[in-house]
Amino acid sequence: MKLKKQVTVCGGAIFCVAVFSLYLMLDRVQHDPARRQNAGNFPRSQISVLQNRIEQLEQLLEENHQIISHIKDSVLELTDTGAVAPSGQLPFRSANGSWVLPFDGRPTFLSVMPQDCQFALGRRKDTELQMLDVYSLLNFDNVDGGVWKQGFEISYEPNEWDKEPLQVFVVPHSHNDPGWIKTFDKYYSDQTQHIFNNMLVKLAEDPRRKFIWSEISFLAKWWDSVDTQKQETMRKLILSGQLEIVTGGWVMTDEANVHYFAMIDQLIEGHQWLEKNIGVTPRSGWAVDPFGHSATMPYLLKRANLTSMLIQRVHYSIKKHLAFSRNLEFMWRQAWDTDSSTDIFCHMMPFYSYDVPHTCGPDPKICCQFDFKRLPGGRVNCPWKVPPRAVVEANVAERATLLLDQYRKKSKLFRSKVVLVPLGDDFRYDKALEWDQQYLNYQKLFDYMNSHPEMHVHAQFGTLTDYFNAIYKMNGVAQGARPPDYPVLSGDFFAYADREDHYWSGYYTSRPFYKNFDRVLESHLRGAEILYSLAVAHARHLGMEGRYPVSDYTFLTDARRSVGLFQHHDAITGTAKEAVVIDYGTKLLRSLMGLKKVIINAAHFLILKNKDLYRFYQTEPFLETDDRRATQDSLPQRTLIELDPSPRYLVLFNPVEQERLCVVTVLVNTARVRVLTEDGQTLPAQLSAQWTSPSEMSPDGYQMDTVISIKGEHTGFQSLTLGFSGTTGLLESIRRKDDPQEVRVQMEMLIYGTRPSKDKSGAYLFLPDGKAKPYTQKERPVVRVVEGPLFSEVVSHYQHFQLTVRINNVPGVDGLSLDITTLVDIRDQANKELAMRLVTDIQSKDTFFTDLNGFQIQPRRYFKKLPLQANFYPMPTMAYIQDTQYRLTLHTAQALGVASLDSGQLEVILDRRLMQDDNRGLGQGLKDNKRTANKFRILLERRAGASKVPKEDGPISFPSLLSHMTSAILNHEVLALPVVPKKRGVPPLRTFSPLSAALPCDIHLLNLRSIQGQVLPHVPSPYTALILHRKGLDCSLEAQNPGFNCSTTQGRVSHRLLQSLDVHLLQPMSLSLMFSSTPLTNTSVIHLDPMEISTFRIKLR
């Protein structure tokens, strides 16, 4: 990451930790005939170099002519060709009319150690349960199972528990959504605060009572509002084990649309709060409401030192299959794990829901009779028409026998004689009456059961960990260890269906505006964390801590909690009420504005050459923001840089850890502009019009693009040739310069409707009315073509979307993929979903690949036996198809739903507007659509000739190094921050690069997060959390020049990461910082295994 001071646009980056490495100067160009004359003159010594290049370009031209003959209809052709030219010159046209850019001719290298390629090819132990195989095996029929509609009849022998009694743990809980039908604050004031207040009183009445709680966001809000006496009572309940904190995240996170950065961050925020205020470490995970489950979650919980976990929303056919074979409890292992180091014990709830009717056993009609909140006279009743009865001496024997029958039947689905019975539902126990109704009646039942030995049962209230500990004890193994004969499972649990063909695959795209906004905020949060940590460390190093705005830490805390809140499974999913969505958006915008302040203040301090000149004024920022959002639901507008005869300065922040050569865009108010580097070199720049409509230019400003590298060691000569349809303006083909073969990549826009029957698509469900139909409109689209030295693009304007395809004429990562933006507006549609499909000749058959949370790749298979909507999966960052020759990857900057419905195809749902509720509790359709910009990159890679190709149908796959880098630059844009003009002039600035040496290019700096102080909330401790992730690589694709020096080191990272700062402490920690290991010595080297995420506590001075 790098801060660079330069005139205008792109930043190199060295380190994911903020580096402002470009500092550019924008200069208004006056009319200067001499300068114009000199621009075309080259020294004689350089003419021969150019002649050689021109000859090469002529050969390319001949190749281009051959390609043109293959294009079947009228095609617009863009050629992106860069050639080596003498440095310090401006772009010029070659003989074939394409642009040549003046890049430094020194070579860059890509050096991947062979050992770093072996991980993708290595053998894994077979797991008993591989979810892709389970999908292949099942019929997915929906046979009526009797009282357990989606299951089967359960029977048992009365004497089965004679030798070993049944142990029953009834676990009271209350599921509190931090926003859904009401806002977070409204839920808190109406219900959640009363749950906590009643908890203090009612648990204290009987030490046998237990309860579990999950959402720290609510607990923290309550804690801040009560006196120290209530805090101490709560602390005692937790530390005594009567109240257990389960998972302990800020929220119960969604698992489909979330990025692993945010999953980890909300977990850390919750765990740090617990450590500071309670002093407790969660042991068990509890996820009863996310709509499907990702394999990333068990890995993160394991890394945080949790020993066990529970999940609930899994396809009913899979539940039935696992229940039938008594495999509902298993060790969940990562598919890529070469041993068993990622195993975590997982319990899957067997029935339809986590409410009381579906948790005591297979018959909801009976279980509902034991939900004592539904006693006659209350506001809720039993839909099965048999109400609960209060337990009295006259009926206790009959009631206990009836309930025990359900407990026994449930236990027959598991391998041990311990049964878990959750007792709760959404926002339960908010009134004192319910605490009495549930606890008093159940205690009577327990007392009766336990006092009658012939029943062979011991029943009690318990916490989740009480249950898991009983399992481990009964099996004679340590906490978290694999009990004998329990299966190992790998894979994930998407897509989720709760009944019939009702697949919850709509929420993968619902409200895409906010899915994109979330990722923008995450990138800003990461950048701000890193820059703030570095700025504070440098201020301490220089003895200037008192002059630096250390209190910016409050902005970081606010943003951590806003991002954390939005990972909730009704927030980022797009499944909350419209008013709640506005509340989330308002919080996100407030946090984004705060993070921009943190970034600006840190950048100001770090790039100042003479720190003695540093002055911080809250009302007079040194830098402007790169863009602004007028409201929470509006798209960002770039800051206009007003140029006059005095130069303007621009600071560029590259948030990724690797050096970066890229095109950066700013807005200027004049066409007379030039860009100079820190040392006075002129940079190439391309001016474009601003457009107010498809065919009208704006008189108010110009878009200026410039290209720059932080370290100018680039060569290269690469090209992409794109073919477009002359009728639609949409992409039709891609040809790489080094490949004689043109590859069909045909873009189609499609519309899905919803079914005419009673059940229709809504916020959760995707219930289409059949296959997608082509998007059509009466008028032909307006197609605009821009061609220039730095980039070329085709913009197609349709009634409901504007599609931009752009190629950047730079060597390296930025120039190796297509930059795609779809500006979608379907606010005048009804019950329509807009999709973009890529059709290719790649022989992918029925296999495609999607990522899980940006962390790992999950192979998918298209199943004809399943309905269309069942073949859609979440795509947080990428999806790809491949054959023995090519891999085509669609990278995305926002989570959306994706499918491959035919060989060689990938399609993504861009937005959905639905006029009705889908009967899952929301009570609304999706009618609050916004004008939404979806951003993508299309990367076409070719298989290397002699390389070993990973097994096609195996359970694992990995992106290439280039693909990882492409995802990083798409999700972490360079921030261009103009220096505010000063009356007394701008003080001397310098490029700031924090890293002492480049990180290995398979190591990602996930975060550099200042750790909370123990006293004041606005002041951090002297410690910082360093979180690193080593990515898994597929080396079977041709290595491309990334545009910077890139090497791997078998996972070794020097502890001397940062220049100008000493690392005084380097201590390995659990993922969320709650468990510590022995500090490393000064000579130690950090080592990470492939895919490993590791956290270290460091102290910088």
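Trainee: Which helix gives the largest share of the lining of the largest cavity?
Mentor: That's helix 18, with 6 residues in the lining. Keep in mind that this is a predicted model.

Trainee: And how much space lies in that largest cavity?
Mentor: About 590 Å³. The lining has 43 residues, and the closest to the centre of the cavity are His964, Ser967, Ala968, His1004 and Lys1031.

Trainee: Which other elements give two or more residues to the lining?
Mentor: Besides helix 18 (961-971), you'll find helix 8 (260-277), helix 15 (512-541), strand 22 (661-668), strand 37 (856-861) and strand 45 (1003-1012).

Trainee: How does the lining split by class?
Mentor: There are 20 nonpolar, 13 polar and 10 charged residues.

Trainee: How many cavities does a search of the whole structure find?
Mentor: It finds 17, counting those of 30 Å³ or more.

Trainee: Changing topic to sheets: in what order do the strands of the 6-strand open sheet run?
Mentor: The order is 7-17-13-14-12-11, and the pairing is mixed. At the edges sit strand 7 (129-130) and strand 11 (284-287), each pairing on one side only.

Trainee: Do strand 13 and strand 17 pair in the parallel or antiparallel sense?
Mentor: Parallel, over 2 bridges, with strand 13 covering residues 329-332 and strand 17 covering residues 488-490.

Trainee: Nice. Which strands does helix 9 lie across?
Mentor: Helix 9 (residues 296-303) lies across strand 11, strand 12 (308-311), strand 13 and strand 14 (344-348). Relative to strand 14, helix 9 runs at about 130°.

Definitions and conventions:
Residues are numbered from 1 along each chain as its sequence is written. This is a predicted model: local features need pLDDT of at least 70, side-chain atom pairs count only at pLDDT 80 or more; totals for chains, interfaces and linings use all residues. Side-chain values use heavy atoms; hydrogens and water are left out. On a 1 Å grid over the protein atoms alone, a cavity is a set of points where a 1.4 Å probe fits but cannot get out, and a pocket is an open set with protein on both sides within 12 Å along at least five of seven lines; lining residues have an atom within 4 Å of a point. Grid points are joined across faces, edges and corners, and a volume is the space filled by probe spheres set on the points. Helices (H or I, at least four residues) and strands (E, at least two) are DSSP runs, numbered from the N terminus. Ala, Val, Leu, Ile, Met, Phe, Trp, Tyr, Cys and Pro count as nonpolar, Asp, Glu, Lys and Arg as charged, and the others, Gly among them, as polar. Two strands pair if DSSP finds at least two bridges between them. Contact means heavy atoms within 4.5 Å. Axes are lines fitted to C-alpha atoms, for helices over the stretch in contact, and angles run from 0 to 180 degrees between N-to-C directions.
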